[in-house]
Amino acid sequence: MATGLGIALHDAGLPVGPDRCERLARAVTVMGATTVAELRACALATMVSDPSQMPTFDRVFAAIFGGPSPFRQLNLPTAPASYQRPESDGAPQPLGRAEIDPGNLPSSLRVSDAVPAAADSDEPLAEGPAVHRTASAAERLSGRDFTELSPAELRQLVTLMREMTLAIPPRRTRRYRPARDGKRPDLRRTLRLARRTGGEAIRFARRAPRVRPRRLVVLCDISGSMEPYARALLMLLYVLNGGQPQAQSSQAQSSRGQARPEVFSFATRLTRLTPALAAASPDTMLAKAGEAAPDWSGGTRIGATVKEFNDHYGSRGMARGAVILIISDGWETGDPALLGAQMARLSRVAHRIVWANPRTQSPRYRPEVGGMAAAWPYCDAVVSAHNLDSLDDLLSALRAR
């Protein structure tokens with residue numbers, strides 16, 4: 001459409017080239033134009049470079065899209081005759097004097113059958129769709145709850161998940177790196193540099209603390225009520241982890257300076273699923289996760305599993321300074337007091353705790369009873385993460401410092 005309109009304007013005498021056609025296509029895409037008026041605004045901003053070109057532009061646009069001329073009552077100057085272009089017969093023709101024949105336009109720009117021409121009518125033309133935006137099947141599924149998606153539909157969302165990025169806040173390490181603006185002097189490197197200048201310390205080396213991303217630890221509830229959400233969020237973690245075998249994924253993670261996330265599943269027991277993220281495909285990853293977790297789609301004992309994590313992993317350094325993501329609806333079949341005590345214990349060593357609870361999507365939800373009421377005071381952020389559109393809130397909560 002942008003190319004055809006550019007050809008028509010060029011034939012009418014306007015200095016329109018491929019660069020302006022490209023700018024029009026970008027403007028229509030960014031603005032999301034759906035009406036003739038919005039399309040005209042994009043074309044006017046990208047195709048016209050001088051006020052004297054507006055009558056010619058308006059005449060061509062009206063001939064193509066059947067819109068009335070808003071400049072009929074204005075006495076705008078025409079393009080100067082000194083700017084001429086050669087014609088096929090060799091005779092020059094002034095700019096802005098060529099007439100547009102709708103019958104000679106490209107078929108993609110002929111809209112006279114769908115929109116009646118109203119160039120000679122004073123009645124305003126009803127706005128009609130100018131750009132038809134057809135969303136793909138995956139985009140139509142992005143607003144649906146994960147419980148409403150079949151496994152085949154869930155796999156279609158992997159493409160959109162790959163466009164997301166996971167950024168974990170950094171932390172200062174005990175190691176240092178060479179830095180010109182560092183505040184700490186590097187005496188050893190300064191002496192080595194002095195050997196090149198006869199022992200005179202001309203250049204003073206400095207160093208700054210090395211900064212690395214924090215570790216991400218995920219505790220995912222795989223009980224019966226959370227099984228659809230667990231599958232979707234595990235696929236998200238697989239995609240954000242690189243979605244590739246162990247060797248390639250480790251190389252990609254090290255190039256970005258980001259460690260592989262530690263993923264655990266729990267229902268009635270705690271299971272480490274981190275090796276499953278190195279599978280060759282999302283389906284293989286889910287199959288390996290199901291084989292590794294014998295309590296898949298079972299009951300829920302959140303407090304006991306968090307205690308097991310604290311005893312075997314958290315207190316040994318995995319949770320120290322890390323970002324903890326807990327994916328659960330908060331249904332606790334055990335003692336809520338145990339969950340509260342273990343969440344308090346976890347919050348003392350973790351940098352940040354984010355809880356993804358699909359039930360919070362309802363405006364009537366209140367964490368007043370059960371395990372969620374005991375864990376809520378120790379959560380830095382609570383998000384729903386119930387569909388693809390809500391995953392942006394989850395990533396933003398993980399990104400916060």
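The lining of the second largest cavity comprises 4 nonpolar, no polar and 3 charged residues (nonpolar: Ala, Val, Leu, Ile, Met, Phe, Trp, Tyr, Cys and Pro; charged: Asp, Glu, Lys and Arg; polar: the others, Gly among them). The model is predicted, with local features needing pLDDT of at least 70 and side-chain atom pairs pLDDT 80 or more, while totals for chains, interfaces and linings use all residues. Residues are numbered from 1 along each chain as its sequence is written, and side-chain values use heavy atoms, leaving out hydrogens and water.

Points are joined across faces, edges and corners, and a volume is the space filled by probe spheres set on them. Helix H6 (151-156) provides the largest share of this lining, 3 residues (helices are DSSP runs of H or I, at least four residues, and strands of E, at least two, numbered from the N terminus).

Turning to the largest cavity, its volume is about 60 Å³. Its lining has 11 nonpolar, no polar and no charged residues, among them Leu-166, Ile-327 and Leu-398. Helix H9 (227-240) contributes the most, 4 residues.

Elsewhere, strands E3 (residues 170-178) and E5 (residues 206-213) pair in the antiparallel sense over 6 bridges (pairing requires at least two DSSP bridges). Within this pair, Arg-177 stands opposite Ala-208 of E5.

Terms used:
1 Å grid on protein atoms, 1.4 Å probe; cavity = no way out; pocket = protein on both sides within 12 Å on 5 of 7 lines; lining within 4 Å.
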